[in-house]
Amino acid sequence: MKTLNNKSLKKMTSTLLTLSIVMSLSGCSTLFGSAQDGISIRSQDPDAKILVNGNYVGKGNAYYALAKGKTATITAEKSGCSSQSVETTKKVSGLTWLNLFFWPGFIVDAATGSIQQASPTNYSVTPVCQR
């Protein structure tokens, strides 16, 4: 059986310490989640322009990749109609709870915004037209 010499023991300790530091700088949501939440937007009016934060994303229906931890204003507008807007909401990501086993991950997930996710991910917004 081979015994560890002082140099091998220092190298192994250094490797374990480095690995521990790297692991402590990672949060579960940051590691295993995506950087964006996909939201689907539908309008009952197929001619309605869909805007997210004032930027055109589609007509009638749209998909938008929202950055983790962020909210957005979704607007549907059509010429001759009153535009309607809705604000997205967010909740705590389920992956964040895995950080209970490794608490420094909470700090990392909070700093990166991964601690929250869009919820719901489906939105309906339709301009109001006078008949």
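This is a predicted model: local features need pLDDT of at least 70, side-chain atom pairs count only at pLDDT 80 or more; totals for chains, interfaces and linings use all residues.
Reader: Let's start with the overall layout. How many helices and strands does the chain have, and in what order do they run?

Author: The chain comes to three helices and eleven strands. Read from the N terminus, the elements go α-α-β-β-β-β-β-β-β-β-α-β-β-β.

Reader: Now the inside. Which residues have the most contacts within the largest nonpolar core?

Author: That core has 13 residues, and the ones with the most contacts inside it are Ile39, Ile41, Ile50, Val52, Ile74, Ala76 and Val125. Strands S1 (36-42), S2 (49-52), S4 (61-67) and S5 (73-77) each supply at least two residues of the core.

Reader: Pick one of those and show me its surroundings. What does isoleucine 50 touch?

Author: Leaving aside neighbours within four places in sequence, isoleucine 50 is in contact with Ile41, Ile74 and Ala76, among others. Its contacts also include Ser43, Tyr56, Val57 and Ala62.

Reader: Serine 43 turns up there. Is serine 43 buried or exposed?

Author: The cut-off for buried is under 20% relative accessible area. Serine 43 has 12% relative accessibility, so it counts as buried. Its place is the loop between S1 and S2. A polar atom of its side chain lies 3.2 Å from the backbone nitrogen of aspartate 45. Beyond four places in sequence, serine 43 touches Ala48, Ile50, Gly60, Asn61, Val125, Thr126 and Pro127.

Reader: Another loop residue, then. Where is threonine 88, and which backbone nitrogen does its side chain reach?

Author: Threonine 88 sits in the loop between strand S7 (84-87) and S8. Its side chain reaches the backbone nitrogen of alanine 72 at 2.7 Å. Threonine 88 counts as buried because its relative accessibility is 2%.

Reader: Going on into S8, how should I read lysine 91?

Author: Lysine 91 lies in strand S8, residues 90-92. With a relative accessible area of 42%, lysine 91 is partly exposed. To see what it pairs up with in space, look along the sequence: lysine 91 and alanine 118 are 27 residues apart, yet their C-alpha atoms are 6.4 Å apart. Lysine 91 is in contact with Ile115, Gln116, Gln117 and Ser119, leaving aside neighbours within four places in sequence.

Reader: Last one, on the outside. Which residues form a nonpolar patch on the surface?

Author: Look at Leu9, Met12 and Leu16: they form a nonpolar patch with about 270 Å² of accessible area together. Of these, leucine 16 has its place in helix H1, residues 6-24.

Methods
Residues are numbered from 1 along each chain as its sequence is written. Side-chain values use heavy atoms; hydrogens and water are left out. A nonpolar core is a set of buried Ala, Val, Leu, Ile, Met, Phe, Trp, Tyr and Cys residues joined through side-chain atoms within 4.5 Å. Buried means under 20% relative accessible area, exposed over 50%, partly exposed in between (1.4 Å probe, protein chains only). Helices (H or I, at least four residues) and strands (E, at least two) are DSSP runs, numbered from the N terminus. Contact means heavy atoms within 4.5 Å. Patches are made of residues with over 30% relative accessible area and no salt bridge: like charges are joined within 9 Å, nonpolar side chains (Val, Leu, Ile, Met, Phe, Trp, Tyr) within 5 Å. Accessible areas come from the Shrake-Rupley method with a 1.4 Å probe; for residues, only the protein chains shown count as cover. A salt bridge is a side-chain nitrogen of Lys or Arg within 4 Å of a carboxyl oxygen of Asp or Glu. A polar contact is a pair of N or O atoms within 3.5 Å; within protein, one must be able to donate a hydrogen and the other to accept it, and residues adjacent in sequence count only if both atoms are side-chain atoms.
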